[in-house]
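Today I am looking up salt bridges.

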Amino acid sequence: IFLIIELLIVLFLLLFSLFFVSCRSKNKVLQPMIKEFDLLKRANNDYTTIDLEHAEELAYRELIDSIRYIPLGDECGVMGNIANIITYKGRFYIQEEQFDRVFIYDDTGRCLKKIDNKGRGPGEYLRIESIDINTEKEELMLVDGMSDKLFFYDLDGNFKSIHSIRYFQTENTLCLRDSVFLHISAPSQNFGNEGLYGYALVLSKGNENFLKGYRYLPLQVGYKGGGQIFKGYERSCYHPIYSDTIYQILSDTTYGPIFYFKIKNSSWEKYHNSDRFVDIDGSEEGVFTLLYENQDFFLGYIADKKKKGNYMQPFLYDKMKDKTYLLRWCDYYEHLKELDYFEGYEARGIFEDYFIAHVSFSTLDQYNIFERVKDGALKITNPELERVIQNLNTDSNPVLILTKFKHL
């Protein structure tokens, strides 16, 4: 009996050992196997200084060359708040926030297609974080940050394929070249390798991840967001959060600075004047969001604590004249007798030489524009804007405002 008990104990221990080793093996397979990694190298120090300390302050409309208004049709339904607009071959691909949809419009404002595949079934996404166009393959890409997948559609909005992202999470992805994708992730992720802690960028190609990081400085205590990647004029750009420098991704191995923002008491200066990392909460001056670039101008927004509320100060840099302007929006529409332009506010994209903003019925209504036009107290002197105001109502989709700036 004792011999049988001993044999059973030995057999149990043997089976337990095999199970434990098997589990470890499975866990090991699931972990990213990174033996070594290359880092993006800074290629040069050539950059342009955008001097915000001594920028000239002008009214927004003083720099306007022309404005176009494109009412978005309701052929595909009513749209909510706009999160992002990208353009390609005369079409607008508009990412909507509330319901995770993408609307495709032509340049007249006619809706061609609505992508509305939210769910947990085959070919469905959980949440759209960002969108981009892969110009090499003529594909629209949707980034699902919750399932860590890239969804690809043709340019007409028909579903094509899904690509799973392995070993890391991303909220923003850009299509670069040769099927290489640029991803941004929180620098607190280390992808299973402590040597990658503090790096924010990941490059991937097909099922292969190059895990080539960008050293994230300053790395604050607290928030660990990775910043912003965006398409500039014929280039892909990276702006680290709280940083005063914008970088261009030059190749799969190199990056270089293209713009440096000069502003008093910026976070970058605080970092370099301190012997430790700085701790800022995102409300400091020097925090930039919504950066856009076309051939002649660079448009951005900077947090301004001197203004009441959540105010983003727009600035415009004229690349040809090497001149920077702080722009004042018109805030006295309710007192005007005549209206030739409605400027729109924060840009959401680029279309040819135009910066794209948008406006809804509620925005115009808060200035009593409809009521004052009806009563004859306000005259619209721009025929295109007059048609927009006549046709806009509470059920209308937003109107795109395309603004072209001029060189002074």
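I began with E346 and R348, whose side chains form a salt bridge with an N to O distance of 3.8 Å. I noted that the model I am reading is predicted.

Is R348 buried or exposed? I looked up its relative accessible area and found 16%. R348 is therefore buried, because the cut-off for buried is under 20%.

Next I turned to E293 and R235. Their side chains meet in a salt bridge, at 2.4 Å from N to O. Where in the chain do E293 and R235 sit? I found E293 in strand β21, which covers residues 288-293. R235 belongs to strand β18, residues 235-239. The two residues are 58 residues apart, so I wrote the pair down as a link between distant parts of the chain. E293 has 2% relative accessibility and counts as buried.

My last pair was E129 and R127. I read 2.6 Å, N to O, for the salt bridge between their side chains. E129 has a relative accessible area of 21%, so I noted it as partly exposed. R127 is partly exposed too, at 34% relative accessibility.

Why can such pairs form at all? Opposite charges on side chains can pair when the charged atoms come close.

Methods. Residues are numbered from 1 along each chain as its sequence is written. This is a predicted model: local features need pLDDT of at least 70, side-chain atom pairs count only at pLDDT 80 or more; totals for chains, interfaces and linings use all residues. Side-chain values use heavy atoms; hydrogens and water are left out. A salt bridge is a side-chain nitrogen of Lys or Arg within 4 Å of a carboxyl oxygen of Asp or Glu. Buried means under 20% relative accessible area, exposed over 50%, partly exposed in between (1.4 Å probe, protein chains only). Helices (H or I, at least four residues) and strands (E, at least two) are DSSP runs, numbered from the N terminus.
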